[in-house]
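I opened this entry to keep track of what I looked up in the model, going from the whole chain down to single residues.

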Amino acid sequence: MITYNGLIKLGFDPSEFKLSNSVASNRQTYISYWGSNKPEPSIEEIEQAEQVYIAEAQAQAEAKAQLRTSVI
């Protein structure tokens, strides 16, 4: 799946792309505008970057939770 966070994790700026979905695309997210001078990444690359983003966000949340419990 194409995600905003996946594209950001790959190093793209939000001004370089626009994501959309429509009934015609069965509500699947797609890149409706690509303005980067870099090649558009594959869905697989975006999905892998999204998984890295999720793992980092979970680790950060766990670290914050541990910090809160260690302070109390």
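I began with the contacts, and I noted that residues 24 or more positions apart account for 44% of the contacts in the protein with a separation of 6 or more, where contact means heavy atoms within 4.5 Å. This is a predicted model, in which local features need pLDDT of at least 70 and side-chain atom pairs count only at pLDDT 80 or more, while totals for chains, interfaces and linings use all residues. Residues are numbered from 1 along each chain as its sequence is written, and side-chain values use heavy atoms, with hydrogens and water left out.

**Entry: overall build**

I looked up the secondary structure and found two helices and two strands, in the order α-β-β-α from the N terminus; helices (H or I, at least four residues) and strands (E, at least two) are DSSP runs, numbered from the N terminus. The radius of gyration is 16 Å, well over the 11 Å that the globule rule gives for 72 residues, so the protein is more spread out than a compact globule. For that comparison the radius is taken over C-alpha atoms, and the rule is 2.2 Å times the number of residues to the power 0.38. I also recorded that the C-alpha trace spans about 50 × 30 × 20 Å along its principal axes.

**Entry: burial and charge**

Of the 72 residues, 22% are buried, with buried meaning under 20% relative accessible area, exposed over 50% and partly exposed in between (1.4 Å probe, protein chains only). For charge, I noted 6 positive and 9 negative side chains, with the centres of the two sets 10 Å apart; Lys and Arg count as positive and Asp and Glu as negative, whereas His and the chain ends are not counted, and the place of a charge is NZ of Lys, CZ of Arg, CG of Asp or CD of Glu.

**Entry: the core**

Which residues form the largest nonpolar core? I listed seven, namely Ile2, Leu7, Phe12, Phe17, Ile31, Trp34 and Ile46, a core being a set of buried Ala, Val, Leu, Ile, Met, Phe, Trp, Tyr and Cys residues joined through side-chain atoms within 4.5 Å. Not counting residues up to four places away in sequence, Ile31 touches Ile2, Leu7, Lys18, Leu19, Glu40 and Ile46. I then checked Trp34 against Tyr53, 19 residues apart along the chain, and found their C-alpha atoms separated by 21 Å.

**Entry: loop residues**

Is Ser36 buried or exposed? Ser36 lies in the loop between β2 and α2 and is buried, with a relative accessible area of 12%. Leaving aside neighbours within four places in sequence, Ser36 is in contact with Phe12 and Glu16, and its C-alpha is 7.2 Å from that of Phe17, 19 residues apart in sequence.

Ser42 is found in the loop between β2 and α2 (43–71) and is partly exposed at 28% relative accessible area; its C-alpha lies 8.9 Å from that of Ile2, 40 residues apart along the chain.

Last, I looked at Arg27, in the loop between β1 (17–20) and β2 (30–34), which has a positive phi of about 65° although it is not a glycine. Arg27 counts as exposed, at 55% relative accessibility.
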